[in-house]
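Student: I would like to learn how to read the features of a protein model. Could we go through one together?

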Amino acid sequence: MPEAIVAIGEGKRVVGQLRFESDGRRQHSQFEYADEWLKAKDSFSLSPGLPLRAGGHFSTGKEDKRSALPGCFADAAPDSWGRALMTRAMGGGLSEFDYLVRSDDRTRQGALRFLGEDMEPLSDVVPPVPRLVELKRLRALAQRFERDPVGAEEEARDLAGIAGSLGGARPKANVEGEGHLWIAKFTSAQDTKPVERAEVATLKLAARCGLRVAEAELALSASDSPIALIRRFDRRGETRIPYMSARSALNW
C-alpha cells in the first residue's frame with residue numbers, strides 16, 4: 001500500500017499520513033492527522049472536507065477516479081495538461097497517487113509536500129526551473145506536444161517536470177524570473193481568439209478596479225502566439241502559501 005508523509009512548508013512540518021490503495025478498477029485513500037498536529041495551538045484543517053479530528057478520513061474514486069484523493073490533495077496534483085505530459089513521459093497506468101507524489105516538489109501548488117520515511121520528497125521529477133529567457137523554447141516544446149502528443153515523447157519529458165501540478169487543460173509551465181516563480185500560459189494550437197491577451201487584459205482591468213489579483217504580464221506580445229505570465233500567488237520568496245481550490249473550499 002503506497003504511503004506518504006504529508007508535511008507543510010519549507011520546514012517540512014508533519015501534518016499527517018496519506019495511504020493509498022488500488023485494486024485495478026477502483027482507487028481509495030485514507031488520510032489521518034498526526035497527533036502532534038492535532039495538539040498544536042496553531043494547527044488548522046487542510047480543507048472543510050478534512051475536519052481537524054483524530055481517526056481516518058476516507059476518500060474513494062468509485063464514480064470519479066479523481067475523487068480517490070481528498071480535494072486539497074487533488075489540488076496539489078496535476079490537472080489535464082500536466083497529466084497528459086506525465087502519462088506520455090512516464091507511461092500509462094499511473095494512479096492518482098502517482099500523479100500526486102511524482103509531480104515536482106519545488107513547484108507544487110500550495111504548501112503541501114509529500115515525503116518518504118527519510119523526509120525527502122517522493123517525486124523523482126527534478127528538472128531545473130527554466131528562466132524567462134527560455135520562453136521561446138518552451139513555447140515551441142508545448143506547440144510540438146499539442147500537435148503530436150504520441151510522437152513528442154522527448155518534449156513531454158522536458159515539460160512534465162516544469163508543468164508540475166498547475167491546474168487546467170491549457171498548455172503552461174513554471175518559469176523563474178526576477179526572483180519569483182511565474183506561470184507561463186501558452187497560446188493553444190486550438191485557439192480561435194487571443195485568449196492569453198484577454199486574460200492579461202482582464203487581470204489588469206481587475207487591478208484598476210481595486211480587486212486583489214495576481215501580477216500579470218504579456219510576453220512576446222508582438223508574435224502570433226503571445227505568452228501570459230502570471231506571478232505565482234502561493235509563493236512569497238521561499239515561503240509556500242497554503243492554497244485550495246474553490247471546489248475544495250466548498251467541499252464539492
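Student: How many bridges join strand β1 to strand β2, and in which sense do the strands run?

Tutor: First, the ground rules. This is a predicted model, in which local features need pLDDT of at least 70 and side-chain atom pairs count only at pLDDT 80 or more, while totals for chains, interfaces and linings use all residues. Residues are numbered from 1 along each chain as its sequence is written, and side-chain values use heavy atoms, with hydrogens and water left out.

Tutor: Strands of a sheet pair through backbone hydrogen bonds, either parallel or antiparallel. Two strands pair here if DSSP finds at least two bridges between them. Helices (H or I, at least four residues) and strands (E, at least two) are DSSP runs, numbered from the N terminus. In this model, β1 (residues 3-8) and β2 (residues 13-22) run antiparallel and are joined by six bridges. Glu3 stands opposite Arg19 in β2.

Student: What is the strand order in the open sheet of five strands, and which strands stand at its edges?

Tutor: The order is β4-β3-β2-β1-β5, with antiparallel pairing. β4 (56-60) and β5 (112-115) are the edge strands; each has a single partner, so one side of each is left without a neighbour in the sheet. From one strand to the next the twist averages 25°. Such angles run from 0 to 180 degrees between N-to-C directions, with axes as lines fitted to C-alpha atoms, for helices over the stretch in contact.

Student: What is the order in the open sheet of four strands?

Tutor: That order is β6-β7-β9-β8, and the pairing is antiparallel. β6 (172-177) and β8 (216-219) stand at the edges with a single partner strand each, so one side of each lacks a neighbour in the sheet. β6 and β7 pair over six bridges, and Val175 stands opposite Trp182 in β7. The two strands form a hairpin with two residues between them, and Glu178 in the turn has a positive phi of about 60°.

Student: Why is β6 largely enclosed?

Tutor: Buried means under 20% relative accessible area, exposed over 50%, and partly exposed in between (1.4 Å probe, protein chains only). Five of the six residues of β6 are buried, so the rest of the structure largely encloses this strand.

Student: Which helix lies across β7, β8 and β9?

Tutor: Helix α7 (residues 195-208) does, running at about 150° to β8.

Student: How is an aromatic pair read, and how many does the structure hold?

Tutor: A pair of aromatic rings is described by the distance of the centres and the angle of the planes. Rings of Phe, Tyr and Trp (its six-membered ring) pair if their centres lie within 6.5 Å; planes under 30 degrees apart count as stacked, over 60 as edge-to-face and the rest as tilted. The structure holds seven such pairs. For Phe31 and Phe73 the centres are 5.2 Å apart and the planes at 75°, so this pair is edge-to-face. Phe31 lies in β3 (residues 27-33) and Phe73 in helix α2 (residues 71-75), so the pair ties together parts 42 residues apart in sequence. Phe31 is buried at 0% relative accessibility, and Phe73 is buried with a relative accessible area of 0%.

Student: Which residues form one aromatic cluster?

Tutor: Phe31, Tyr33, Phe73 and Phe114 do.

Conventions
Contact = heavy atoms within 4.5 Å.
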